[in-house]
Amino acid sequence: YFDRILASKRETAERYHDFFRRIGIETVHEPTDCVSNYWLNAIILDSREERDEFLTYTNANRVQTRPVWTLMHKLPPYRDYPRAVTPIAEWLEDRIVNVPSSMRV
């Protein structure tokens, strides 16, 4: 059963990779010598503006997409705590979108 789930998720990730590559959008994929379970599938857009346009369009057309995360130091319980400078994480936060990753049947 779990092998079928993982196989389905890997096939979904491959389909996303092929589709988005054809239209010039990068996908988040497993590094060499690693094996992902593709619990989430994500794409990387060129800017926060492009990300927000993509989110608006897909959700308006009943495709549930969402930003990858909100950085911890931006969440209300942690705003007043010390934090490191995180330019790479902030760059990624502005650009990554999670796309549907459910198992296909």
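Q: What does the secondary structure of the chain come to?
A: The chain has three helices and four strands, where helices (H or I, at least four residues) and strands (E, at least two) are DSSP runs numbered from the N terminus. Along the sequence, the pattern is α-β-β-α-β-α-β. This is a predicted model, in which local features need pLDDT of at least 70 and side-chain atom pairs count only at pLDDT 80 or more, while totals for chains, interfaces and linings use all residues. Residues are numbered from 1 along each chain as its sequence is written, and side-chain values use heavy atoms, with hydrogens and water left out.

Q: What does the C-alpha trace span along its principal axes?
A: The C-alpha trace spans about 45 × 30 × 25 Å along those axes. Of the chain's 105 residues, 30% count as buried. Buried means under 20% relative accessible area, exposed over 50%, and partly exposed in between (1.4 Å probe, protein chains only).

Q: Which residues make up the largest nonpolar core?
A: Nine residues form this core: Tyr16, Phe20, Ile25, Ile43, Leu45, Phe54, Leu55, Val97 and Val99. Two or more residues come from each of α1 (2–22), α2 (48–60) and β4 (96–99). A nonpolar core is a set of buried Ala, Val, Leu, Ile, Met, Phe, Trp, Tyr and Cys residues joined through side-chain atoms within 4.5 Å.

Q: What is Leu55 in contact with, leaving aside its neighbours within four places in sequence?
A: Leu55 is in contact with Thr65, Arg66, Pro67 and Val97; contact means heavy atoms within 4.5 Å.

Q: Turning to β4, which way do its residues point?
A: Ile96 and Asn98 point one way from β4, whereas Val97 and Val99 point the other way, and all are buried.

Q: How many bridges join β2 to β4?
A: Strand β2 (residues 41–44) is joined to β4 by four bridges, and the two run antiparallel. Strands pair if DSSP finds at least two bridges between them. Ile43 stands opposite Val97 in β4.

Q: And how many join β3 to β4?
A: Two bridges join β3 to β4, again in an antiparallel arrangement. Arg66 has Asn98 of β4 as its bridge partner.

Q: Is Asn98 buried or exposed?
A: Asn98 counts as buried because its relative accessibility is 4%. Not counting residues up to four places away in sequence, Asn98 touches Leu40, Asn41, Ala42, Thr65, Arg66, Pro67 and Val68.

Q: New topic: where is Asp33 found?
A: Asp33 is in the loop between β1 (26–27) and β2. Its phi is near 70°, a positive value in a residue other than glycine. Asp33 counts as exposed because its relative accessibility is 81%.

Q: What is the phi of Arg62?
A: The phi of Arg62 is near 65°, a positive value in a residue other than glycine. Arg62 lies in the loop between α2 and β3, and Arg62 counts as exposed at 79% relative accessibility.

Q: Which residues form a nonpolar patch on the surface?
A: Met72, Tyr78 and Tyr81 form it, with about 360 Å² of accessible area together. Accessible areas come from the Shrake-Rupley method with a 1.4 Å probe; for residues, only the protein chains shown count as cover. Like charges are joined within 9 Å, and nonpolar side chains (Val, Leu, Ile, Met, Phe, Trp, Tyr) within 5 Å.

Q: Where does Tyr81 lie?
A: Tyr81 lies in the loop between β3 (66–67) and α3 (87–93). Tyr81 is exposed, with a relative accessible area of 55%.

Technical notes:
Patches are made of residues with over 30% relative accessible area and no salt bridge: like charges are joined within 9 Å, nonpolar side chains (Val, Leu, Ile, Met, Phe, Trp, Tyr) within 5 Å. A salt bridge is a side-chain nitrogen of Lys or Arg within 4 Å of a carboxyl oxygen of Asp or Glu.
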